Amino acid sequence: MSSRVCRTCGGSDIDVDQARGSAVCTSCGSVLEDNIIVSEVQFVEGSGGVSSAVGQFVSADGPVKAPLLGSGFHTSVGKESRAQTLQGGKRQIQQLGSQLQLNQHCLDTAFNFFKMVVSKHLTRGRKTEHVIAACLYLVCRTEGTPHMLLDLSDLLQVNVYILGKTFLLLARELCINAPAIDPCLYIPRFAHMLEFGVKTHEVSMTALRLVQRMKRDWMHTGRRPSGLCGAALLVAARMHKFRRTVKDVISVVKVCQTTLRKRLTEFEDTPTSQLTIDEFMKVDLEQECDPPSFIAAQHKAKMQQLEQELARKLDDVEGEISCYKDEIETELEKSRPKLRGIYAAYAKEIDPEEAEVLSSTSDPEEQEVEDDELQAATQHLTQDFLCQVIQEEEGRGKKTDDNEVEAGPDMEGAGSQRQAAPLAAILGKLPSAASLGLQQTLDESETGEKPDDEQSEGGELDLDGIDDQEIDKYILNEKEVQVKTELWMKQNADYLKEQKEKEERIKKEKEQGTYKEKPKKSKKKKEQIQASTAGEAIERMLEKKKISSKINYDVLRDLNRGGTGSGGGSSPSRASSDPPNTNTTARKRLNRRRRKKANDTNRDLAANASIMGKRVRLLISSTSKRKKTAVQFYSVGI
Amino acid sequence: MDSSNDEALDIIITNVVATFRTRCHLNLRTIALEGTNVIYKPEVGKVLMKLRKPKITASIWSSGKIICTGATSEDDAKLGARRLARVLQKLGFKVRFSAFKVVNVLAVCSMPFAIHLIDFTKNNRPIASYEPELHPAATYRIKHLKATIQVFSTGSITVTGPNVQNVATAVEQVYPLLFEVQKPLKKKEKS
């Protein structure tokens, strides 16, 4: 725009008048431009003589259209999706951040993180709540505020580890290096919550020194900082003669009692614990300790070494025992040839299937029993047991038919198998003709039954190193299959019924032509809660939200009555003084919040009632028998 | 710095996960009823079969895809997978052993010194992450090897990677980093 040439005369002397907004050539006087657009700031005088600039701030990534209302109540009509996402995110950040008492600077930083996340498309597939919580925690870490991930998960009622996962991912993607958590950050916060009154500062300082000492003693690596803080605060409180029990501390610090005790014992093991209070405040020991888990591992290693030595000594002794064992075995062999002969006869009577059963169960047991062979004593015992067992088996085998034995109940079958196993133990050890004979018959039966399967692979399965007999153990035979089928059917009767019903339903729908491939998710519409009193309404709402099992409604009701009666006094004190029905801190907090909410709603209702005036009171007095301030709000249409 | 150290570090492989396909549809009910050591999970739609030797647990889906876990070496995993395919064959399915692949190897290693995790994380900022509120170990991910190493303050580390070679390389890579931030042992013999 500067020094243009006049069109009519060619002169370059052009006078631009900002006030009139015109450009005039001074030589010929022709008007070159009218209504020049000016980029100046204009001021307007407001009421009371205050002058303010005219105009609105428009952000670079804001909506394309200028916002119609400037007061912050942005309507979502005519905005892009991205802008809506950012707006929604900002709102949630403000909400969550105010609950954590973060200052505006932190909230703005969190919003910037959120914008980065959205632009990198990391919000896809994740709940916005989680992403926002992660952004806020990121800010807390970079700013060094004493907020724990646990706090956030408390507020959102989400598992800590889920939030942690999201947080780690965001930190990695945004390349933000959050500095490591220092337990010292949490001490002032916890100290305040423990209510030390005037001496809070001194106790905090003592606790800080303790934590630093713990750091030097390697107690803090790999541990939750809150646990260390809890232990330090407990000791510090006792040092300053405050009686704080373990329960008080854990309710503030949010770790479990066991953890706290463990930290205390670990601290006890360090040499610092031996100092007196005065010494501790003055002296700082030079030595550093090894981490407690390292010490535990070393301890374990020592124990293992001792055990190994003992085992070696035992081995020497065992050498003698094995000599005795051999002698005993030879004695027993001599006393057994009769049984073997009978057993061989028995073996020839039974079917090949039965034999297969015996062998199929014998081999795996054999392996286990072979392990036992190392212990002389157990062998001795099993041999005695076997003598008895074999005598029983003789009797059983000769009494009944083979079919009866086979078709017997599962217990008997299992029993015979079990007895077959110790039999196999003998067979395994003693190279008797009977056992060899048995195995031969088994081999024949097996190869007879399944000659084809081994060849029908298609050439792609390499059978090197695969023992077919072993493989066959993994397959049950027909009788066993029947028994198992029965059992399974009985066990899963419900599931099978459901499946049948489902199939029938699908068939019907197909016939009707209304069969849908996938069940569509029906959107749940929130029902209007119909209730006659505020207390009932709250109860029903809580029921619908399904948190009701942890709340004692009697107390809640009383609270409502008491609260409404006095016009909603100080809710927090009342909530905290209520008899704690629940044990855990999470529940307590939940209760407190619920009651707070209940009281708030009551107060709101009371206020509304007064606004509505007499008419409402008339309605109430005629309908409900409860106290005046109970409001029938839905019928009035609040 | 010596990556292979004076006293050899024992890398113990604790778990090998492998997958393979049988190229045929499997009837889970048949397997469940006719096999020993099987657990049928109809809600999920798979059968768990446990082999004794090698000690392996296999998840069998009806599509014919099978995942084998619990082996202690790659060869063991292959042997177990073949055994499993043999069992299925004997049950009557037309099994073809194909697409065998070792997917994950988990190994454990123990350093003879303790490690200062915070310094370790500071030195290796973007690659290592340490969140004491969530997990007591620092996680170190090597992208080009696709290996993840979890470092504990006692000096023991667990390494997971796609095969045994990668795991060994990962340990060698990370050893010098750990050596830098080691904590010298003051008291070796405590009363």
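Predicted model: local features only at pLDDT ≥ 70, side-chain atom pairs only at ≥ 80, totals over all residues.
How much area do chain A and chain B bury between them? The answer is about 5300 Å², and 57% of it lies on carbon and sulfur atoms. Buried area here is the accessible area, taken with a 1.4 Å probe, that two parts lose on being put together, summed over both.

Residues are numbered from 1 along each chain as its sequence is written, chains are lettered from A and ligands numbered from 1 in the order in which they are written, and side-chain values use heavy atoms, with hydrogens and water left out.

Let me stay with the interface for a moment. In chain A, 63 residues are in contact with 51 residues of chain B, where contact means heavy atoms within 4.5 Å. The rule finds 1 salt bridge across this interface; a salt bridge is a side-chain nitrogen of Lys or Arg within 4 Å of a carboxyl oxygen of Asp or Glu. Glu131(B) forms a salt bridge with Arg141(A), and their closest N and O atoms are 2.5 Å apart.

I turn now to chain A as a whole. It contains 27 helices and 5 strands, which are DSSP runs numbered from the N terminus (helices: H or I, at least four residues; strands: E, at least two). Of its 638 residues, 35% count as buried. Buried means under 20% relative accessible area, exposed means over 50%, and partly exposed lies in between (1.4 Å probe, protein chains only). Chain A exposes about 40900 Å², with carbon and sulfur atoms supplying 52% of that area; such areas come from the Shrake-Rupley method with a 1.4 Å probe, and for residues only the protein chains shown count as cover.

Next, the interior. In soluble globular proteins, nonpolar side chains tend to be buried together. A nonpolar core is a set of buried Ala, Val, Leu, Ile, Met, Phe, Trp, Tyr and Cys residues joined through side-chain atoms within 4.5 Å. The largest such core has 72 residues, and those touching the most other members include Ile93(A), Phe114(A) and Leu233(A). Helix H3 of chain A, residues 128–143, gives this core its largest share, 10 residues. Apart from this core lies another, of 60 residues, among them Tyr474(A), Leu28(B), Ala107(B) and Leu177(B). Beyond its neighbours within four places in sequence, Phe114(A) is in contact with residues including Thr85(A), Ile93(A), Val131(A) and Cys135(A).

Among the buried residues of H7(A) are Val203(A), Ala207(A), Leu210(A) and Met214(A). The buried residues of this helix pack against helices H6, H8, H10 and H11 of chain A. Just after H7(A), Trp218(A) takes a positive phi of about 65 degrees.

Let us return to charged pairs. Side chains of opposite charge can pair when their charged atoms come close. Over all chains, a search of the whole structure finds 8 salt bridges. In one of them, Arg189(A) pairs with Asp151(A), with the closest N and O atoms 2.9 Å apart. Arg189(A) lies in helix H6 and Asp151(A) in helix H4 of chain A, so the pair ties together parts that are 38 residues apart in sequence. Both Arg189(A) and Asp151(A) are buried.

A second pair sits within a single helix. Arg263(A) forms a salt bridge with Glu266(A), the closest N and O atoms being 3.7 Å apart. Both lie in helix H10 of chain A, 3 residues apart, about one turn of the helix. Why does Arg263(A) count as buried? Its relative accessibility is 9%, and Glu266(A), at 10%, counts as buried as well.

Lys334(A) is exposed, with a relative accessible area of 61%.

Finally, a residue of chain B. Val108(B) lies in strand E6, residues 98–110, and is partly exposed, with a relative accessible area of 31%. Val108(B) and Ile157(B) are 49 residues apart in sequence, and their C-alpha atoms are 5.9 Å apart in space.
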